[in-house]
Amino acid sequence: MAEIQSPLPGVFYRSPSPDKDPFVQDGDPVETGQVIGLIEVMKQFSEVRSDAAGTLRAFEVEDGDMVNPGDVIAVVAES
């Protein structure tokens with residue numbers, strides 16, 4: 001299992017905008033470097049990317065949750 005950790009403090013979002021589908025959902029395949037969400041810091045958005053290829057097992061934070069550097073955002077079962 002690989003943990004995807006927050007690189008920054010801010011608010012985590014699973015989709016590019018409120019009216020768009022999430023980047024990925026639990027159970028979806030992910031590739032190394034694939035965007036899985038965004039973190040908003042002072043009205044600027046930074047992409048959160050998967051560090052491993054495999055299956056996204058679960059998000060550990062909810063959409064709109066505050067995160068800190070090092071917080072686990074999601075877990076990937078590596079393939």
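Strands (E, at least two residues) are DSSP runs numbered from the N terminus. This is a predicted model, in which local features need pLDDT of at least 70 and side-chain atom pairs count only at pLDDT 80 or more, while totals for chains, interfaces and linings use all residues. Residues are numbered from 1 along each chain as its sequence is written, and side-chain values use heavy atoms, with hydrogens and water left out.

S1 belongs to an open sheet of four strands, paired antiparallel in the order S1-S8-S6-S3, where two strands pair if DSSP finds at least two bridges between them. The edge strands are S1 (2-5) and S3 (29-30), each of which pairs on one side only. S1 runs antiparallel to strand S8 (residues 72-78), and four bridges join the two; Ile4 stands opposite Ala74 in S8, and the bridge partner of Gln5 is Val72.

The largest nonpolar core has 14 residues, of which Phe12, Ile36, Val48, Leu56, Phe59, Ile73 and Ala74 touch the most other members. Such a core is a set of buried Ala, Val, Leu, Ile, Met, Phe, Trp, Tyr and Cys residues joined through side-chain atoms within 4.5 Å. Strands S4 (35-41), S6 (54-59) and S8 each supply at least two residues of this core, and S8 gives the most, with three. Not counting residues up to four places away in sequence, Phe59 touches Phe12, Arg14, Val24, Asp26, Ile36, Ile73 and Ala74, contact meaning heavy atoms within 4.5 Å.

Two aromatic pairs are counted, by the rule that rings of Phe, Tyr and Trp (its six-membered ring) pair if their centres lie within 6.5 Å, with planes under 30 degrees apart counted as stacked, over 60 as edge-to-face and the rest as tilted.

| Pair | Centre to centre | Angle between planes | Class |
|---|---|---|---|
| Phe12 and Phe59 | 6.0 Å | 40 degrees | tilted |
| Tyr13 and Phe45 | 6.3 Å | 50 degrees | tilted |

Phe12 in strand S2 (residues 10-13) and Phe59 in strand S6 are 47 residues apart, so their pair links distant parts of the chain, and both residues are buried. Tyr13 lies in S2 and Phe45 in strand S5 (residues 44-49), so this pair ties together parts that are 32 residues apart in sequence. Tyr13 counts as partly exposed, at 26% relative accessibility.

How values were computed. Buried means under 20% relative accessible area, exposed over 50%, partly exposed in between (1.4 Å probe, protein chains only).
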